[in-house]
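Here is a short walk through one structure. Keep the model open beside the text.

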Amino acid sequence: MARSAVDEVSDNGAFTRTPSSFRSFITRDPDAKFQPEPGRYHLYISYACPWACRCLSYLKIKGLQDVISFLVVKPKWGKTRDGDDHHGWVFPTGSYEEPGADPDHLNGTRSIRELYELASPTYAGKYSVPVLWDKKLKTIVNNESSEIIRMFNSEFNEFAKNALLDLYPPQLRSQIDEINEWIYDGINNGVYKCGFAKKQEPYDEAVKKLYAALDKCEDILAKQRYLCGSELTEADIRLFATLIRFDEVYVVHFKCNMKMIKEYPNIFNYTKDIFQTPGMSSTVNMEYIKKHYFSSHPSIDPLGIVPIGPNIDYSTAHDRGRFYASL
């Protein structure tokens, strides 16, 4: 059983992501085991992880920071247990050890692995983030980002500061689902299929699919402000998490170097537009992001040297205002 993403490689050398294991839902159903309550839930994330930062993005733009607390692990993977060779997400021992990361004062664990084992002593899967934790029942609710963001979008509206923002509106759901499917396969997961491939053929196939999907995005964004038209949706948040890491990390580290995002005029300006959406820039810590990728995957980068550039400024002016936006 794979215990981290770098282990998820098939016999033909292709990266094959395994499904998340904890799939419970928070719902307003009065009979539900997990019901929305302010202060009950806690989100464990890494700023490096695009899947975790989807969830953090929802906390910020929905205005749920006072309802659901969150904690950040250290950027660099470390040993998760003495006498064991597993390396994964770990917590600092003190608040000043690693900027942006804090010890797990809630459960006292030293690693995300210990958190999983606290929830399920017999757990034998990978120890990934995000983790949505229930403080009341002391267990993991869910570790699948696509489901966590749906909960954050609708189930906590009673307590959200931006309750009227619906990133998965009924009239766009089929379109969002269709876009999510090909963007996940070609781009979100596609960069990992490029980077974690261990043979040339699956790498070549993944790169071709990645750039075909990026070309498709460029065409769509030449005609409208967002992926589904004039309205910011879940599809945009999911894509943004990959785009913001692309030129700084994936071009070099994952060998996605046929073309940089800054060479796509529509995608690049779109990325700046979403970055400048209130709350979104606070989910991006590029120094932390680069430190993780370039120092935590010795099979890809054995020396752990972090590149200095390109240091793209996403706070500069963009041209997406030429399209009508409905927020």
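Which residues are linked in a network of salt bridges? In this predicted model, the members are E37, R40, D134 and K136.

E37 bridges to R40, with 2.9 Å between the closest N and O atoms. E37 is partly exposed at 25% relative accessibility. R40 is buried, at 6%. K136 also forms a salt bridge with E37, and here the closest N and O atoms are 3.1 Å apart. K136 sits in the loop between β5 and β6, while E37 belongs to the segment before β1, so this pair ties together parts 99 residues apart in sequence.

The structure holds 19 salt bridges. One of them joins the side chains of D319 and R322, at 3.0 Å from N to O. D319 is partly exposed, with a relative accessible area of 34%. R322 is partly exposed too, at 45%.

Now turn to helix α3, residues 145–154. Eight of its ten residues are buried, so the rest of the structure largely encloses this helix. Among the buried residues are I148, I149, M151 and F152. E147 and N153 are buried as well. The buried residues of α3 pack against two helices, α1 (50–62) and α7 (234–253). They also pack against the strands β1 (41–45), β5 (131–134) and β6 (139–142).

Last, the cysteines. The disulfide count is zero. The sulfur of C55 lies 8.3 Å from its closest cysteine sulfur, in C49, which is too far for a bond. C256 is in no disulfide either; the nearest cysteine sulfur, that of C194, is 4.0 Å away. C55 is buried at 0% relative accessibility, and C256 is buried at 0%.

How values were computed:
Residues are numbered from 1 along each chain as its sequence is written. This is a predicted model: local features need pLDDT of at least 70, side-chain atom pairs count only at pLDDT 80 or more; totals for chains, interfaces and linings use all residues. Side-chain values use heavy atoms; hydrogens and water are left out. Buried means under 20% relative accessible area, exposed over 50%, partly exposed in between (1.4 Å probe, protein chains only). Helices (H or I, at least four residues) and strands (E, at least two) are DSSP runs, numbered from the N terminus. Contact means heavy atoms within 4.5 Å. A disulfide is a pair of cysteine sulfur atoms within 2.5 Å. A salt bridge is a side-chain nitrogen of Lys or Arg within 4 Å of a carboxyl oxygen of Asp or Glu.
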